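Colleague: I am new to this structure and would like to learn how to read it. Could you take me through it feature by feature?

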Amino acid sequence: MQHLSSLGHYKVEAAALSLMCACLTVETPLPEVGSWLGSNEQTVGMCLEHLRKTTHQRDTLQTLCQILRFYFTPVIHWWPQVTDAAKITLTSSVDTLIQNMSLLVLEELGRALTAALEAGTIELSALKEHWINILSSAIVPILQNEHSPIMPGACDILSTIGNAVFASFEVHTQRLIMTLLLALTNPTVPATSSACRCLGVLVMYRVYETIYYL
């Protein structure tokens, strides 16, 4: 697949990405695919390269979602680059579909990183820095824009923060997140359902009791 995508022809590259995504889109992760990704780590790099080609963004984002969902461990050290690429695509694209798919990549990444933290394969300080970056550069601006059509996806990302990371935030950051979500529970806001689901996750965290104003 990597050989095919290196040929540079649009239809061949698109076919290679579609084939890769089809191999990854299964209900149960395949050990053979995990082993292949482990020995061909440049696959993620190839996907990130294709994100810069607007003609391939949809297929590439879908492929990244599948890798993060089922095969994160073999490619775990790529997560900073995946974060940066997804943010760039999110903020530079004017296509709502591409923006939502970029948010889905960040959501899958958030879920995978939380699992990695619980498994002890990533440091809490690194994950906290990741989330502070995501919040300030992407999530908060989206949630503060009442006309943004991608607010539901931003709420879904917040639900993957995890108890340990949320507890490590300064109180003002915790309150900012909760305040933004509470503002979206207004029935007139299109993100009401997503905001309520996210609040349902966050109120289960032990640190919730320290947010006194709720």
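**Cysteines, a helix and a network of charges**

Modeller: Let us begin with the cysteines, bearing in mind that this is a predicted model: the structure holds zero disulfides.

Colleague: How far from Cys196 is the nearest cysteine sulfur, and to which residue does that sulfur belong?

Modeller: A disulfide calls for two cysteine sulfur atoms within 2.5 Å. The nearest cysteine sulfur to that of Cys196 belongs to Cys155 and is 9.2 Å away, so Cys196 is in no disulfide. Cys196 is partly exposed, with a relative accessible area of 40%, whereas Cys65 has 3% relative accessibility and counts as buried.

Colleague: Why does Cys65 count as buried?

Modeller: The word buried is kept for a relative accessible area under 20%, and Cys65 counts as buried because its relative accessibility is 3%.

Colleague: Where is Ser194 found, and which residues does Ser194 touch when those up to four places away in sequence are not counted?

Modeller: Ser194 is found in helix 12, which covers residues 192-202, and its relative accessible area of 7% makes it buried. Leaving aside residues up to four places away in sequence, Ser194 touches Pro152, Cys155 and Asp156. The side chain of Ser194 is also joined to that of Arg197 by a polar contact of 3.1 Å.

Colleague: Turning to a whole helix, how many residues does helix 6 have, and what span does it reach?

Modeller: One way to read a helix is to set its end-to-end reach beside the span expected at 1.5 Å a residue. Helix 6, residues 79-92, has 14 residues and reaches 20 Å from its first C-alpha to its last, which is close to the 20 Å expected.

Colleague: Which residues of helix 6 are buried, and which helices do those buried residues pack against?

Modeller: The buried residues in helix 6 are Trp79, Val82, Thr83, Ala85, Ala86, Lys87, Thr89 and Leu90. The buried residues of this helix pack against helix 4 (42-51) and helix 5 (57-70), and also against helix 7 (96-119) and helix 8 (124-143).

Colleague: How many salt bridges does the structure hold, and which residue forms one with Arg69?

Modeller: To read a salt bridge, one looks for a side-chain nitrogen of Lys or Arg within 4 Å of a carboxyl oxygen of Asp or Glu. The structure holds four salt bridges, and in one of them Arg69 pairs with Glu108, the closest N and O atoms being 2.6 Å apart. Arg69 lies in helix 5 and Glu108 in helix 7, so this pair ties together parts that are 39 residues apart in sequence. Arg69 counts as partly exposed at 40% relative accessibility, while Glu108, at 6%, counts as buried.

Colleague: Which residues does Arg111 meet in salt bridges?

Modeller: Arg111 forms a salt bridge with Glu107, with 2.9 Å between the closest N and O atoms, and both residues lie in helix 7, four residues apart, about one turn of the helix. The side chain of Arg111 also meets that of Glu108 in a salt bridge of 3.4 Å, N to O; because Arg111 and Glu108 are three residues apart in helix 7, about one helical turn separates them. Arg111 is partly exposed, with a relative accessible area of 40%, whereas Glu107 is buried at 14%.

Colleague: Which residues are linked in a network of salt bridges?

Modeller: Arg69, Glu107, Glu108 and Arg111 are linked in such a network.

How values were computed: Residues numbered from 1 in each chain as written. Predicted model: local features only at pLDDT ≥ 70, side-chain atom pairs only at ≥ 80, totals over all residues. Heavy atoms only, no water. Helix = DSSP H or I, 4+ residues; strand = E, 2+ residues; numbered from the N terminus. Expected span 1.5 Å × (residues − 1). Buried < 20%, exposed > 50% of the residue type's maximum accessible area, 1.4 Å probe, protein only. Contact = heavy atoms within 4.5 Å. Polar contact = N/O pair within 3.5 Å; in protein donor to acceptor, adjacent residues only side chain to side chain.
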